[in-house]
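Me: I am new to this structure and want to know what the labels rest on. Please set each value against its definition before concluding.

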Amino acid sequence: MIFLRLIWSYLKIGLFGFGGGYAMLALIENEIVTPGWITERMFTDIVAISQMTPGPIGINSATYIGYVAVTNDPSGMFASPIWGILGSVLCTLAVVLPPFLLVLYAGHYVARHHDSAAIRGIFAGLRPVVVGLIASAALLLMNKANFGETSPDILKSIGIAGASLCAVMFTKIHPIWVIVAAGALGFLIF
Amino acid sequence: MMKSESKAKGSQLRTLFGTFFKIGAFTFGGGWAMISIIEREIVDKHHWLDKRDFLDLLAVAQSMPGILAVNISVVVGDKLRGLRGSIAAALGTIMPSFLIILAIAMFLTPETITSNPVLTAIFKGIRPAVVALIVAPVISSAKASGIGWKTCWIPAVVALLIWSKLPVVSNPILYITLGGLCGWYLTTRGIIALESSKSGKEDASK
């Protein structure tokens, strides 16, 4: 049943979501995009919409994917918006539930012992993995759905990606404005 | 224990929800952008906590998986009003982005984008920019985590195996578990010596 499978996926995303929103994208890819609940293109669009709207990317993606995955279920049983809203609510609650309980019941213990070798070792081990998770999310998104299929499209896309990367790395321009500018440029050249 | 206990309790729950609702509604990008605004509201404006208490709670929120902005609202709500406070604060943080994204999901369907040539062109421009926005934190987080020549193979192998989409080895959960276990084993056995951090604040991965 689609609701239980979505809840299970989002519980895992919440429980293993170390390293912030971008690292969480790798988990979402593996749990949601790979099984085919949403397409690669929709996934990138959610990330784009998340960047342009307030709130954390983890919440934004759970809400959006909960709605879209349920209403597009191949069985067609849940196409009504009511089911979509239920999917949104359940996914959003599922992604916050494990950290909610952990923060309340284990957080103070971990914070008190943050100088112990065990806790510092765990976080030291997680750090390079988190970098790898963000890198994998970037690699997974460098695909035909996002860069186009014909060579002129691919070249234009690489140009936009290069310019955007320079803008976020070497200037203090906020990511929202990078996306707005890229959208305007897309309107002009595609 | 806290100054806040003298305040009217029901109204504080409402204020807690309202404050975090405002924070959720007006901060873009989540995470660190949200933390400084939460600090301003909680410490400077409402005087619910002093700065030291806030930094202690931030350390708790950072040490756990999940969404940092939600975690910090849970610990602040819990510190002020217990379980009910943590639920009120967490709902406040979640609600604005939930409502906005739900509206977008209902009205901006994938078909709306593909059937509209203007939107199609705009999104064709936006998608490569989004990829760039995820490449940038790879570089900044590698620098912040002190990844050097000796350790850069770890993120490289992790990224390539997840990217491979092969069964089992492409699951990120595997590497999160392995990373934590290896770090714990190597450190407690004294195989790797970590520099002692005074505050532990920079310890949590960002």
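Me: Why is B:Ala142 called buried?
Reply: In this predicted model, B:Ala142 has 21 C-beta neighbours inside 10 Å. The cut-off for buried is 20 or more, so B:Ala142 counts as buried. B:Ala142 belongs to helix 6 of chain B.

Me: What does B:Ala142 touch, leaving out residues up to four places away in sequence?
Reply: B:Ala142 touches A:Val131, B:Ile147 and B:Pro155. A contact requires C-beta atoms within 7 Å. As for B:Leu181, it is 39 residues from B:Ala142 in sequence and 20 Å from B:Ala142 in space, C-alpha to C-alpha.

Me: Why is B:Lys165 called exposed?
Reply: B:Lys165 has 12 C-beta neighbours inside 10 Å. Exposed is the label at 12 or fewer, so B:Lys165 counts as exposed. B:Lys165 sits in the loop between helix 7 (153–164) and helix 8 (172–188) of chain B.

Me: What is there to say about the phi of B:Lys165?
Reply: The phi of B:Lys165 is near 60 degrees, a positive value in a residue other than glycine. B:Lys165 follows helix 7 of chain B.

Me: Is B:Val168 buried or exposed, and what makes it so?
Reply: B:Val168 has 7 C-beta neighbours inside 10 Å. With the limit for exposed at 12 or fewer, B:Val168 therefore counts as exposed. B:Val168 also lies in the loop between helix 7 and helix 8 of chain B, and has a positive phi of about 65 degrees although it is not a glycine.

Me: How does the span of helix 7 of chain B compare with the expected one?
Reply: Helix 7 of chain B has 12 residues and reaches 16 Å from its first C-alpha to its last. The expected span is 1.5 Å times one less than the number of residues, and this comes to 16 Å, so the actual reach is close to the expected one.

Me: Which residues of helix 7 of chain B are buried?
Reply: They are B:Ile154, B:Pro155, B:Val158, B:Ala159 and B:Ile162.

Me: Why are the buried residues of helix 7 of chain B said to line one face?
Reply: Seen down the axis of the helix, these buried residues fall within an arc of 120 degrees, so they line one face of helix 7 of chain B. An α-helix has 3.6 residues a turn, so residues three or four places apart point the same way. The face turned away from the buried side of helix 7 of chain B carries the exposed residues B:Trp153 and B:Ser164.

Me: What do the buried residues of helix 7 of chain B pack against?
Reply: They pack against helix 2 (20–33) and helix 7 of chain A, together with helix 6 (117–144) and helix 8 of chain B.

Me: How many helices and strands does chain B have?
Reply: Chain B has 8 helices and 0 strands, and its pattern along the sequence is α-α-α-α-α-α-α-α. Of the 206 residues of chain B, 45% count as buried.

Me: What makes up the side of chain A that touches chain B?
Reply: In total, 97 residues of chain A are in contact with 88 residues of chain B. Helix 7 (residues 117–141) of chain A gives the largest share of the chain A side, 24 residues. By class, that side has 62 nonpolar, 30 polar and 5 charged residues.

Me: Which residues touch the most other members of the largest nonpolar core?
Reply: Of the 119 residues in this core, they are A:Ile134, A:Ala137, B:Ala129 and B:Ile134. Helix 4 (residues 68–107) of chain B gives the most to the core, with 17 residues. Leaving out residues up to four places away in sequence, A:Ala137 touches A:Tyr22, A:Leu25, A:Ala26, A:Glu29 and B:Ile134.

Me: How far apart are the C-alpha centres of domain 1 and domain 2 of chain A?
Reply: Chain A is divided into domain 1 (2–144) and domain 2 (148–190), and their C-alpha centres lie 26 Å apart. In terms of contact, 4 residues of domain 1 of chain A meet 5 residues of domain 2 of chain A. Helix 3 (residues 40–52) of chain A supplies the largest share of the domain 1 side, 3 residues.

Notes
Residues numbered from 1 in each chain as written. Chains lettered and ligands numbered in written order. Predicted model: local features only at pLDDT ≥ 70, side-chain atom pairs only at ≥ 80, totals over all residues. Contact = placed C-beta atoms within 7 Å. Helix = DSSP H or I, 4+ residues; strand = E, 2+ residues; numbered from the N terminus. Nonpolar A, V, L, I, M, F, W, Y, C, P; charged D, E, K, R; others polar. Arc of directions from axis to C-beta. Core = buried A, V, L, I, M, F, W, Y, C linked by C-beta atoms within 7 Å. Domains from an automatic or database assignment.
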